[in-house]
Amino acid sequence: MPPAGRPASPPDGGWGWVVVLGAFVSIGFAYAFPKGIAIFFKEIQGFFGTSYSEVAWVSSIMLATTYGAGPISSILVNRYGSRPVVMFGGLLCGIGMVSAAFCTSIVQLYICVGFITGFGLALNLQPSVIIIGKYFLKRRPIANGLAMAGSPVMLCTLAPLNQFLFDNFGWRGSFLILGAILLNCCVAGALFRPIGVAKQSVKKQMTEEGKETPKEEVTKTSTEMSNPTYAPAEAKPEEEEEKDCCEKINQYLDFSLFKHRGFLIYLIGNVLMFLGFFAPIVFLAPYAKHIGIDEYSAAFLLSILAIVDMIARPTTGIIANSKWVRPKIQYFFSFSIAFNGACHLLCPLASGYTGLVVYSIFFGLAFGMVCAMLFETLMDLVGATRFTSAVGLVTIAECCTILLGPPIGGTLIDTFGDYKYMFIKCGAVMVLAGTFLFIMNYYNYRMLAKEEKERKAKEEDPKIVRTENEGRSNWNKETLHDGLELEPLRDERDGLKTEVNGTNEV
């Protein structure tokens with residue numbers, strides 16, 4: 001039975017699989033929706049007369065807001081729990097997309113789709129990841145892999161659905177319908193039943209407190225009254241009001257993580273990785289249309305990518321949960337990032353539709369591997385207790401490169417008139433990030449092993465000293481008992497000479 005007032009241990013099943021289903025939906029929309037609306041970009045670009053880089057800001061702002069609002073989402077989860085936060089986020093998503101249907105400029109799309117919908121998706125993403133960590137421990141990699149599979153499933157569905165909606169209702173009518181679809185996040189959030197404290201322990205604690213309270217209060221009151229520095233309890237609120245804003249924020253976000261070696265390695269590697277992570281997906285369909293492929297075939301490339309991604313995520317979760325991979329899961333994550341970058345570097349070689357299909361298959365595999373381990377590796381480094389704060393701090397740092405990634409790719413396309421430079425940039429950045437993480441994780445594992453060895457040595461030292469002292473005292477007792485004569489011994493610790501058996505009789 002867990003101690004009173006503490007959360008119950010993760011059940012690793014039961015209602016947890018229903019929670020995984022809810023996370024499947026909410027995480028799916030959070031990741032897939034910014035990529036799925038790329039289907040409308042070419043038409044929105046022609047409608048407002050904008051460039052590639054300007055229309056790419058819609059997805060960039062949405063993704064950056066989704067990640068940048070991570071600390072706010074973490075604070076709200078710590079304060080209110082995952083369920084109400086996700087339901088409120090679903091409501092914001094619906095409002096944002098319905099408002100976007102009435103926009104008359106690209107700037108208004110930035111606000112409605114980018115900021116409002118993006119913030120709603122942020123309130124879906126972090127709480128869903130956090131609550132899985134509360135429901136699962138031993139099967140956590142598998143649960144994360146299944147929940148993360150919601151992204152490719154949603155992308156596989158949204159890509160042809162968006163094209164169908166556009167053909168029949170235009171982009172404005174499509175945004176209205178998508179706003180209604182996003183309200184399903186509220187239903188997903190309703191499944192996130194919180195894990196409470198153990199009821200029996202709480203009842204027992206309340207009973208004991210009820211019995212002991214009168215005696216404690218009398219003793220406490222008499223002690224305080226006898227204290228010359230006694231002050232009334234009314235002075236406490238004044239002291240609380242004097243707390244700095246940083247101290248209050250630190251109650252919800254653990255800034256000591258910036259002293260954590262593994263966390264800093266993860267943060268630097270991921271910030272670099274996200275500079276080239278989302279741009280290839282955003283521009284895959286427009287690139288296919290650019291080289292003369294029809295609209296439905298271009299949208300189908302995203303579906304192919306999503307289907308492979310959908311299979312790759314739970315498979316990666318199962319592999320990562322194995323006894324061979326889980327102890328060194330950071331190496332597996334580093335390889336996945338470098339593999340992702342290699343796919344982008346080879347993409348310019350795919351000149352026709354068949355080549356793009358092959359690229360989409362390998363890209364879906366690499367993308368699924370990275371996403372399946374994205375949060376599992378962070379939890380492996382910092383632990384479940386500090387994971388809520390870690391997610392918030394990581395996402396706020398990542399939002400800068402997420403914001404800049406697609407627009408930089410769009411600028412390269414506008415400058416050179418060719419998509420291959422965008423793919424080469426993304427590939428080079430991700431190979432660099434994977435290499436950095438591999439080298440630094442090797443260093444981190446070596447340091448952890450060294451620290452663990454030193455810790456064990458320190459724990460064993462007192463035992464060795466105690467054993468030696470006990471052996472020496474036992475030896476002295478035996479020799480005295482046998483009547484053997486001893487020479488004067490020097491006490492090394494006190495520096496004094498003591499004669500054990502040198503007394504002369506007169």
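1. What volume does the largest cavity have? The largest cavity has a volume of about 60 Å³. This is a predicted model, and the count comes to one cavity of 30 Å³ or more. Rolling a probe the size of a water molecule over the atoms shows where empty space is left.

2. Which residues line the largest cavity? The lining consists of F41, K42, Q45, Y52, V55, F283, P286 and Y419. Sorted by class, six of these lining residues are nonpolar, one is polar and one is charged.

3. Helix 2 (41-48), helix 3 (52-68) and helix 14 (279-290) each give at least two residues to the lining of the largest cavity. Helix 2 supplies the largest share of that lining, with three residues.

4. A helix pair deserves a separate look. The axes of helix 7 (residues 140-148) and helix 17 (residues 353-382) come within 8 Å and cross at roughly 145 degrees. The crossing of helix 7 with helix 17 is right-handed. On the side of helix 7, the contact is made by R140, P141, N144 and M148; helix 17 brings C371, A372, F375, E376, M379 and D380. By class, the contact has six nonpolar, one polar and three charged residues.

5. Where is P327 placed? P327 is in the loop between helix 15 (295-320) and helix 16. P327 and D380 are 53 residues apart in sequence, and their C-alpha atoms are 9.2 Å apart in space. Leaving aside residues up to four places away in sequence, P327 touches S322 and Y445.

6. Confidence should be kept in view when reading the model. The protein averages a pLDDT of 77, and 77% of the residues score at least 70. Among the elements, helix 16 (residues 329-346) has the highest mean pLDDT, 92, while strand 1 (residues 489-490) has the lowest, 42.

7. Two stretches call for caution. Over residues 1-5 the pLDDT is below 50, and this stretch has 13 contacts in the model beyond near neighbours in sequence. Over residues 197-236 the pLDDT is also below 50, with 17 contacts in the model beyond near neighbours in sequence. Where pLDDT is low, the predicted coordinates should not be read in detail.

Note on methods
Residues are numbered from 1 along each chain as its sequence is written. This is a predicted model: local features need pLDDT of at least 70, side-chain atom pairs count only at pLDDT 80 or more; totals for chains, interfaces and linings use all residues. Side-chain values use heavy atoms; hydrogens and water are left out. Axes are lines fitted to C-alpha atoms, for helices over the stretch in contact, and angles run from 0 to 180 degrees between N-to-C directions. Helices (H or I, at least four residues) and strands (E, at least two) are DSSP runs, numbered from the N terminus. A crossing is left-handed if the near helix is turned anticlockwise from the far one by less than a right angle, and right-handed if clockwise. Contact means heavy atoms within 4.5 Å. Ala, Val, Leu, Ile, Met, Phe, Trp, Tyr, Cys and Pro count as nonpolar, Asp, Glu, Lys and Arg as charged, and the others, Gly among them, as polar. On a 1 Å grid over the protein atoms alone, a cavity is a set of points where a 1.4 Å probe fits but cannot get out, and a pocket is an open set with protein on both sides within 12 Å along at least five of seven lines; lining residues have an atom within 4 Å of a point. Grid points are joined across faces, edges and corners, and a volume is the space filled by probe spheres set on the points. pLDDT is the predictor's confidence in each residue, from 0 to 100.
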